[in-house]
Amino acid sequence: MRYLPLTPAERADMLGVIGVDTVDALFEDVPAAARLPGPVPGLPMHASEMAVDRHMSALAAKNLAAGAAPFFLGAGAYRHHIPASVDHLIQRGEFLTAYTPYQPEIAQGTLQVLFEFQTQVARLLGTDVANASMYDGSTGCWEAVVMAGRVTRRKKAVISGGLHAHYVATCQTMAKFTGDELVVNAPELSAEPDDAAVIAAIDGETSCVIVQYPDMLGRIPDLEAIAAAAQAHGALVIVVVTEPVALGLIEAPGHIGADIVVGEGQSIGVGLNFGGPYLGLFGCREKYLRQMPGRLCGQTVDAEGRRGFVLTLSTREQHIRREKATSNICTNSGLCALAFSIHMTLLGGEGLAKLSRINHQAARRTADALAAIPGVSVLNDAYVNEFTVVLPREAREVVRELADRGVLGGVPLGRLYPGNDALAKGLLVCASELTTDADIAAFASALSEVLEGVPA
């Protein structure tokens with residue numbers, strides 16, 4: 001349906017039917033102090049399409065695009081090569097026009113794709129089952145906390161200091177409305193993850209422990225030790241994975257003690273896209289299946305014995321007893337899940353493992369080059385494709401100066417943890433299969449220039 005603006009005569013007719021003289025009369029119930037007396041201060045007035053296009057193009061030109069410079073940013077959103085076939089396939093008419101899975105007789109294609117996606121995610125995460133995706137990793141993390149509370153009937157979550165700051169913030173925001181108690185360990189610029197502190201915080205009131213793997217600084221926590229401590233107190237272990245490519249090189253969390261595994265699937269099949277839309281991954285042990293939020297598609301047979309797919313579990317929308325729903329999330333990131341599934345199919349298990357090794361090798365070359373610069377030290381002893389370096393001065397200033405030199409040189413921890421002086425010199429660096437030797441050399445050269453004369 002096209003939008004057709006109303007003529008003055010049409011507006012007058014509508015106001016006459018309503019029984020008022022002016023549009024302003026419709027807002028009389030709003031206190032005068034809350035109404036704007038004129039245009040919004042600082043916001044320009046309307047302009048022509050050409051003028052707006054020129055203005056927006058000038059603003060966009062100020063950006064340093066990811067593909068236009070050596071790129072070393074990560075921290076939960078990753079730049080990987082996406083085969084052209086992924087974009088081609090997701091635009092096929094069978095997917096673009098697919099109907100809602102609530103009516104399986106005309107949504108078999110959609111349901112089969114989601115079923116295959118669930119299988120891939122479950123194998124990737126090492127869980128018994130996985131759902132048809134969540135909105136993103138951070139909201140999926142909170143859904144896992146709520147799920148753990150239903151399973152254990154407790155309201156206390158212990159959160160590692162290595163969990164992404166945005167995921168922590170999401171949990172803190174939601175906990176204000178649910179009354180859950182969150183025990184958040186402070187992040188530290190240490191070579192070792194905070195496993196001991198996490199284990200020490202677990203008690204008989206703990207519903208779950210949340211650990212990122214690899215963690216926010218690229219470190220690899222000891223999931224087995226944390227899982228043993230949690231199980232001893234009847235708590236569940238929630239593992240967050242923000243970089244699924246890393247799972248091609250390290251053990252799947254579900255195989256080493258995780259009860260629930262959640263994460264962000266963006267790095268497989270989905271571009272950076274200015275921060276979204278992305279997709280959340282969610283898997284768990286089979287015994288917790290009915291407490292899992294979101295949708296789950298299942299395979300069955302029809303009356304004639306032919307294979308078919310149906311929406312086996314869902315949460316709300318169009319259903320009775322909504323107060324019993326496990327979540328108010330009643331959909332999934334379908335298009336992003338499709339892109340993930342296509343890319344994962346193209347890779348296969350061996351391809352993912354090879355991709356992860358290439359990422360790790362690029363990260364090692366990058367770390368070696370940066371460690372050779374006076375005053376720079378690599379924090380991590382072990383990592384996959386993301387690691388932390390400690391600089392001799394505040395990292396946020398360094399990153400700005402690197403950008404002026406045409407290098408996107410990582411994410412400063414001070415941006416994620418403002419006001420935490422202990423982390424101000426930390427810089428999170430990520431490398432991938434797109435990182436070339438020339439990129440690494442440019443990064444090292446620019447960083448040397450920026451730090452020249454700074455005491456080591």
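The lining of the largest pocket draws at least two residues from each of α6 (137-152), α7 (165-178), α11 (395-404), β12 (411-412) and α12 (413-416), where helices (H or I, at least four residues) and strands (E, at least two) are DSSP runs numbered from the N terminus. The largest share of that lining, 4 residues, is supplied by α11. This is a predicted model, in which local features need pLDDT of at least 70 and side-chain atom pairs count only at pLDDT 80 or more, while totals for chains, interfaces and linings use all residues. Residues are numbered from 1 along each chain as its sequence is written, and side-chain values use heavy atoms, with hydrogens and water left out.

The largest pocket has a volume of about 1200 Å³, and of the 44 residues that line it, L73, A77, L272, F274 and G275 are the closest to its centre. By class, its lining divides into 21 nonpolar, 16 polar and 7 charged residues. The second largest pocket holds about 320 Å³ of space; among its 15 lining residues, those closest to the centre are F95, A98, T110, G334 and L335, and the elements giving two or more residues to this lining are α4 (93-96), α5 (108-125) and α10.

Helix α10 (residues 334-371) also contains N359, which is buried, with a relative accessible area of 0% (buried means under 20%, exposed over 50% and partly exposed in between, with a 1.4 Å probe and protein chains only). The side chain of N359 reaches the backbone oxygen of L355 at 2.8 Å. Beyond its neighbours within four places in sequence, N359 is in contact (heavy atoms within 4.5 Å) with H80, V245, V384, N385, A431, S432 and E433.

Side chains of opposite charge can pair when their charged atoms come close. The structure holds 10 salt bridges, each a side-chain nitrogen of Lys or Arg within 4 Å of a carboxyl oxygen of Asp or Glu. In one of them D180 pairs with K155, the closest N and O atoms being 3.3 Å apart; this pair links distant parts of the chain, with D180 in the loop between α7 and β3 (181-184) and K155 in the loop between α6 and β2 (156-159), 25 residues apart. D180 is buried at a relative accessible area of 14%, whereas K155 is partly exposed at 44%. Another salt bridge joins R306 to E304 at 3.6 Å between the closest N and O atoms; both residues are exposed, and together with D302 they are linked in a network of salt bridges.

Key:
A polar contact is a pair of N or O atoms within 3.5 Å; within protein, one must be able to donate a hydrogen and the other to accept it, and residues adjacent in sequence count only if both atoms are side-chain atoms. On a 1 Å grid over the protein atoms alone, a cavity is a set of points where a 1.4 Å probe fits but cannot get out, and a pocket is an open set with protein on both sides within 12 Å along at least five of seven lines; lining residues have an atom within 4 Å of a point. Grid points are joined across faces, edges and corners, and a volume is the space filled by probe spheres set on the points. Ala, Val, Leu, Ile, Met, Phe, Trp, Tyr, Cys and Pro count as nonpolar, Asp, Glu, Lys and Arg as charged, and the others, Gly among them, as polar.
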